[in-house]
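Thank you all for coming.

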Amino acid sequence: MSGAALGLEIVFVFFLALFLLHRYGDFKKQHRLVIVATLLAWYLCFLIVFILPLDVSTTIYNRCKLAVNSSPAENNGSYVTLAPSKQKCFKPWSYIPDGIMPIFWRVVYWTSQFLTWILLPFMQSYARSGGFSITGKIKTALIENAIYYGTYLLIFGAFLIYVAVNPNFNLQWNQLQTIGIAAANTWGLFLLVLLLGYGLVEIPRSHWNGAKRGYLLMKTYFKAAKLMTEKADAEENLEDIMEEVRKVSESIKYNHPLRKCVDTILKKCPTEYQERMGRNMDDYEDFDERQNSYPSEKSLAKLHKQVIYSVQRHRRTQVQWQILLEQAFYLEDVAKNESSATRQFVHTFHSQEPENKIIQYFYTPTVEWYWECLLRPWFYRVLAVVLATFSVIVVWSECTFFSTKPVLSLFAVFIQLAEKTYNYIYIEMACFLTIFFLSICVYSTVFRIRVFNYYYLASHHQTDAYSLLFSGMLFCRLTPPLCLNFLGLTHMDATISHKNTQPTAYTSIMGSMRVLSFIADGFYIYYPMLVVILCIATYFSLGTRCLNLLGFQQFMGDSEMTSDLIDEGKELIRREKRKRQRQEEGENRRREWKERYGNRDDSTRSRAVHTDQKESSFSETNASRPLSKYTRSNNRTERDRIELLQDAEPLDFNADSVNDDPLESDSGR
């Protein structure tokens with residue numbers, strides 16, 4: 001089994017990263033380089049999280065071999081027997097041979113660092129550039145990243161000067177490499193603690209609140225009101241940008257040198273706007289440089305950038321609105337079915353997507369009712385308690401992991417107890433659950449945060465290229481300090497445990513942080529304690545209250561603004577529900593009409609066509625043009641009248657259908 005576990009996890013993590021990227025990205029519309037770079041960044045970060053427990057178990061076994069070699073021992077096959085204590089040191093099932101892990105970690109770490117500090121920032125600027133050629137986009141990306149890269153050189157130069165001035169240090173390549181790693185990990189640890197403090201509280205609380213009746217529905221109403229405002233703003237912004245594109249398209253004619261740039265912009269516009277602009281164009285007019293003032297290529301590049309952004313934002317809000325409507329309708333169905341006496345889940349609207357027959361066979365309406373109305377709230381409560389327990393253990397261990405005598409970190413206690421019995425399965429499971437929970441707290445915060453409209457990870461293939469690349473940068477910067485923090489919590493890092501033992505292969509790649517003592521003995525140990533303050537601030541929603549004061553509406557139960565937005569969202573959902581009900585009723589009536597009168601209409605059409613042919617032949621033989629003309633027109637009018645009656649949607653004259661509110665219109669505003 002040597003190396004088999006490593007190979008299986010490499011394959012599994014690749015498909016996991018591919019699945020998540022497919023959920024958030026769009027493989028068909030986004031550039032292949034963006035997809036490949038983001039996939040590689042996510043894959044390497046997830047790989048570090050999944051492979052690190054194997055590195056820990058292999059290191060514990062190697063320590064056992066070193067202890068055996070330093071004392072009288074007898075080798076027996078796959079384990080080593082200590083002569084004095086008769087203790088057996090079994091080889092773990094996931095043992096990785098010597099020499100593989102250092103090379104593996106070196107390739108993974110430096111590739112991720114190259115992505116996050118050099119390639120991905122450049123690709124971000126390249127993806128948002130409005131240039132019309134590859135050379136123009138590269139030039140724009142280099143200019144935008146000049147300050148970015150200059151900041152890196154300034155920070156690295158400061159560390160370099162500090163080491164050079166200090167007489168206790170001799171500058172060597174390994175020390176310079178350690179300084180660079182320390183600078184990157186310091187930046188990542190600073191952001192890691194902020195995200196971890198939010199996730200440790202918000203994840204258990206979100207599951208606990210999800211078990212409350214009506215909480216998710218009220219929050220969905222709140223989201224609907226906010227999303228409608230964003231949707232209307234996106235539509236207005238798109239209209240303004242399309243108006244500018246129309247003016248530019250009308251001013252720059254077909255034989256103008258910049259017409260190719262205008263055509264490139266038009267290809268990025270929605271189809272309905274392209275058709276509208278195409279009808280209003282007059283390509284037979286020549287341009288005259290002396291009479292008209294034409295935009296420059298730089299202004300067209302800026303317009304191109306605005307078009308890409310506005311179209312993406314408009315498409316994203318449209319898709320999110322439809323998804324939010326489905327979610328709101330389903331939560332309303334859950335609220336209605338809670339008091340059902342038949343204990344069968346009844347949907348207001350049928351699913352628009354075809355359901356899997358296997359799922360439909362097992363997940364019957366009765367099973368769905370028991371899960372949604374009875375079991376799911378209790379499951380969420382139990383899960384919230386388990387997650388809250390993990391959060392308390394993490395906070396306690398973050399504040400006490402520097403203590404080695406006695407060992408106060410609970411994760412270190414668990415690992416050391418398992419190390420005494422060499423229970424490698426338990427060691428790997430404990431390490432995996434610990435680092436997996438830390439990763440969930442950090443990565444879920446990365447997926448939740450939203451920096452205005454510049455960074456926003458939206459599911460259902462609605463994330464733009466800039467946000468995908470930015471998420472890859474964050475993952476590559478957060479994962480190495482996250483793993484170092486995990487090794488510190490479990491005392492597998494010699495810098496924390498102060499033991500002269502064999503380090504893990506991952507720690508050996510990081511190098512000795514003793515080169516910068518104020519970071520190794522100060523920042524890395526005491527800064528993670530700040531997570532306690534951040535957890536308290538998150539528990540009392542201080543950040544949410546500050547955002548409310550600044551004008552960014554957040555969901556708060558005791559806020560008057562939140563209540564108003566909930567009422568507004570409830571009204572919007574109610575109107576959309578009535579609209580969909582009328583559409584379904586109209587489709588049902590049209591279907592019944594076709595089923596009942598379809599054959600009669602077909603016979604009427606065939607009779608009308610036969611009569612038209614007879615009268616046409618009669619008119620041709622008798623050379624009576626006026627009579628033939630009026631006969632054909634009357635028959636065509638009759639046929640059109642029949643088709644209109646067949647395709648007409650029956651009107652539903654209910655009290656709710658008569659509404660003068662402008663939000664009832666098709667525009668949805």
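Let me begin with a term: buried means under 20% relative accessible area, exposed means over 50%, and partly exposed is in between, taken with a 1.4 Å probe and protein chains only. What you see is a predicted model, in which local features need pLDDT of at least 70 and side-chain atom pairs count only at pLDDT 80 or more, while totals for chains, interfaces and linings use all residues. Residues are numbered from 1 along each chain as its sequence is written, and side-chain values use heavy atoms, with hydrogens and water left out.

The structure holds 13 salt bridges, a salt bridge being a side-chain nitrogen of Lys or Arg within 4 Å of a carboxyl oxygen of Asp or Glu. In one of them Arg259 pairs with Asp263, with 3.2 Å between the closest N and O atoms; Arg259 counts as buried at 7% relative accessibility, whereas Asp263, at 30%, counts as partly exposed.

How far apart in sequence are the parts that Lys577 and Glu332 tie together? The closest N and O atoms of this salt bridge are 3.3 Å apart, and, since Lys577 lies in helix α20 and Glu332 in helix α9, the pair ties together parts that are 245 residues apart in sequence; helices here are DSSP runs (H or I, at least four residues), numbered from the N terminus. Lys577 is buried, at 11% relative accessible area, and Glu332 also counts as buried, at 11%.

Finally, Glu243, Arg246 and Glu250 are linked in a network of salt bridges.

Methods
Helix = DSSP H or I, 4+ residues; strand = E, 2+ residues; numbered from the N terminus.
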